Amino acid sequence: MNSEPMQSNQTVQPDTPSTGLSSQEATQRLEQYGPNAVAEEKQHPILIFLSKFWAPVPWMLEITVILELYLGKDVEAIVIGLLLVFNAILSFIQENRAQGALALLRQQLTVQTRVLRDGHWQLVPAKNLVPGDIIHLRMGDLMPADVRLTEGHIQMDQSALTGESVPVEGGINQQAFAGAVVKRGEASGEVTATGARTNFGKTAELVRTAKTTSHLEEIIFSIVKYLIIADVGLVIVVVLYAVLSHIAWPTVLPFSLVLLVASVPVALPATFTLATALGAAELARNGVLVTRLSAIEEAAAMSILASDKTGTLTENRLTLGTVHAYAPHSEEDVLRLGILASEEATQDPLDMAILAGAREKGLKITDTVLHFTPFDPAVKRSEALIRQPDGSLLQVVKGAPLTIAALAGAGAEIEEDVAGLAAKGYRVLAVAAGPQGGPFTLAGLLALQDAPRADSQALVQKLNALGVRVLMVTGDDLLTAQAIAGQVGIKGSTCASESLHSTITPETLQCNIFAGVFPEDKFHLVRALQSTGAIVGMTGDGVNDAPALKQAEVGIAVASATDVAKAAASLVLTAPGLSNILGAVETSRRIYQRMLTYTLNKIIKTFQIALFLSLGFIFAREFVVTPLLIVLLLFANDFVTMSIATDNVSFSSQPDRWHIRILMEVAFLLAIPALLLSFAFFFVANNLLHLPLPQMQTLMFVMLVFTGQINVYLVRERRHFWKSTPSRWMLIGTVADILIVSVLATQGFLMAAIPFNLVILTLITTLLYLPLVDTLKIFIFKSAHMD
């Protein structure tokens, strides 16, 4: 079940004398090849902060600020400017980890290394290693560069690089890769590649070049684009009317600016940022840390989750799976012999798994081990000489099945048994025993496995039920990949890594299991899936997963992940297991529903206000609401309704995607009854109550605030508005908004005073409006498939 060997980025293999390089040669090669480090790209924090002001939506708001200042509207300009700064600060604080993964990768490459130079061994910083250096490695060392071993033997853990949980043996003339950890033995070797030329450095380069495309800014810009188009159309109509009616330009220009302020959702970027920041705090309480805010919005739309196997779907820990005995031996006999041919002192993962399995079964050993020979890759077996309780000697051998079978003279039967176990994802060892020097009798097979996590299968099933297609991407071979996939409930066809090396075909993207993949393959797979329009999530735990984690819209590092993987990911699980992924999806979809309510309400209000102002200006040739009151509406409606971010909502059963055109159509239809109500108030105030213009403008302001609050409760529930209870903060925000606006209107602060009974009548009317339009809302939602 060994995976394919790692690809080599070997740069140079010079003939280095036994004395090692001289200091002069090392200096020359350091100039030629550069330091053994990953190139750093660091952007100044001030530039990162200023970039928050350089995007389509901020541009529109900045233009609005300039026009406001040009017309002498200083208060309005300050308010909109403060909104821009608020949004930039919030985004900057939450997303200040852009280069974290790269920094950790550099730290991995700055260890001290034992190097032979000028004829003697010395400690040299790993960043100063050059191709041709002779280095010495011991147990516990981190491989500082790609090395060709020249003497000795080591066992290496490359799971963080390859995703393969089984340790790799390294001997003379074999390649060892930067980032591997020496688990056993000692060896010397010649450095063949350093820095970005190593496999490890290549992974770092992939992390550096990986770039997640955030859809959040695109969504906000699309919303603004539609509203601006509508606004421009209304301005053209008003300008034509003004020309035909000979209305002075000094009157028309301020009106156009009011329409701009009313149409551009000034608070929308800040609200999205605040809602996702609150969502990040909620996820943190549930064991999920958010390092990139846009991932919350992306998780709601995630349709594909590509999961690493080792350490993600599995435990990344070998365990004893099953024991297969050959007569006359029993399973207990096979396990007992396997224990005798294992040694805890070697810390060999295979031996540790066998010993742990024996302890779980309560097996006790009374034999005495006289001599033990650890696993030797040259002969592919370990051996032990045993004195049994009756005093007789017994030699036990354990190792590669075909090697042990040949010693015991076993036939084709063992090959069939080994193939059957391997097809189930097991790593198989054979055990034989006999008198010292033989002949040996085959006792049985020990099947070891990197077992799936207890919650993996349930997680896959629940994600599938939520419309998320789960893929398994692993460095293991086809048989192991298929076996583990079957155990965790991932079904479908299997593709080998070769299918990801060139142009990735649509047929390849239909596979649910990918085997034998390298870090570059995962990275390219994520990009290929993204090119189809899918929102891709990627889970992982090792260095090899970091590029794909950063490229994916939703990169998820599990709790046991390396620091490199955690820094590259946008979501980091803090509790063992994968169940928090499910919680992250559900929470993100709740946040989407809240933002959908806010956005839908804002678009309805924009249509209502823009049309009301335009048509009111045409009919009355006066502002039905003053520019100052329009700015106050930003606070009375847009900012008070930020409390929607705390609303009690349910999550949808399928991935949520923003369909802006449909959203605009639904909002326009729901804006029609609100517009009719607005003109009804205007007619009563102008023709029945005969209010002076300043008082009428105040009444229209109060009406727009109250209908804005009513629309929130209208659209927050896709069913009848009374089917669910709003959050406490939403209710508090609404009550506070109504009270404050009522006091301002009746006391004449910032506007002309109106009688208290008019405010109460307006409130009662808008409350009665809610149940009347609720039935129409349900019909519109069903027609647009938003129910």
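His690 counts as exposed in this predicted model, at 58% relative accessibility. The residue sits in the loop between H24 and H25, and its phi is positive, about 50°, although His690 is not a glycine.

Helix H24 spans residues 660-688 and helix H25 spans residues 693-715; their axes come within 10 Å and cross at roughly 155°. Because the angle is over 145°, H24 is roughly antiparallel to H25. The crossing in which H24 passes H25 is right-handed. On the H24 side, the contact is made by Leu670, Ala674, Leu677, Ser678, Phe681, Phe682, Ala685 and Asn686, which meet Met696, Leu699, Met700, Met703, Leu704, Thr707, Asn711 and Val715 of H25. Sorted by class, this contact has twelve nonpolar residues, four polar ones and no charged ones.

Turning to the strands, an open sheet of six is found with antiparallel pairing, in the order E10-E15-E14-E13-E12-E11. Strand E10 (314-325) and strand E11 (368-376) form the edges, each pairing on one side only. From one strand to the next, the twist averages 20°. Within the sheet, strand E12 (residues 381-387) and strand E13 (residues 393-399) run antiparallel and are joined by seven bridges; Ile386, for example, has Leu394 in E13 as its bridge partner.

Helices also accompany this sheet. Helix H15 (residues 401-408) packs on it, with contacts to E12, E13, strand E14 (427-434) and strand E15 (441-452), and the direction of H15 makes about 20° with that of E14. Helix H18 (residues 478-488), in turn, lies across E10 and E15 and runs at about 60° to E15.

Two further backbone details deserve a look. Ala327 and Pro328 are joined by a cis peptide bond, with omega about 10°; Pro328 belongs to the loop between E10 and helix H13 (331-340). Elsewhere, Asp118 has a positive phi of about 55°, although Asp118 is not a glycine. Asp118 is placed in the loop between strand E1 (112-117) and strand E2 (120-125).

Notes
Residues are numbered from 1 along each chain as its sequence is written. This is a predicted model: local features need pLDDT of at least 70, side-chain atom pairs count only at pLDDT 80 or more; totals for chains, interfaces and linings use all residues. Side-chain values use heavy atoms; hydrogens and water are left out. Axes are lines fitted to C-alpha atoms, for helices over the stretch in contact, and angles run from 0 to 180 degrees between N-to-C directions. Helices (H or I, at least four residues) and strands (E, at least two) are DSSP runs, numbered from the N terminus. Angles under 35 degrees count as roughly parallel, over 145 as roughly antiparallel, 65 to 115 as roughly perpendicular and the rest as oblique. A crossing is left-handed if the near helix is turned anticlockwise from the far one by less than a right angle, and right-handed if clockwise. Contact means heavy atoms within 4.5 Å. Ala, Val, Leu, Ile, Met, Phe, Trp, Tyr, Cys and Pro count as nonpolar, Asp, Glu, Lys and Arg as charged, and the others, Gly among them, as polar. Two strands pair if DSSP finds at least two bridges between them. Buried means under 20% relative accessible area, exposed over 50%, partly exposed in between (1.4 Å probe, protein chains only).
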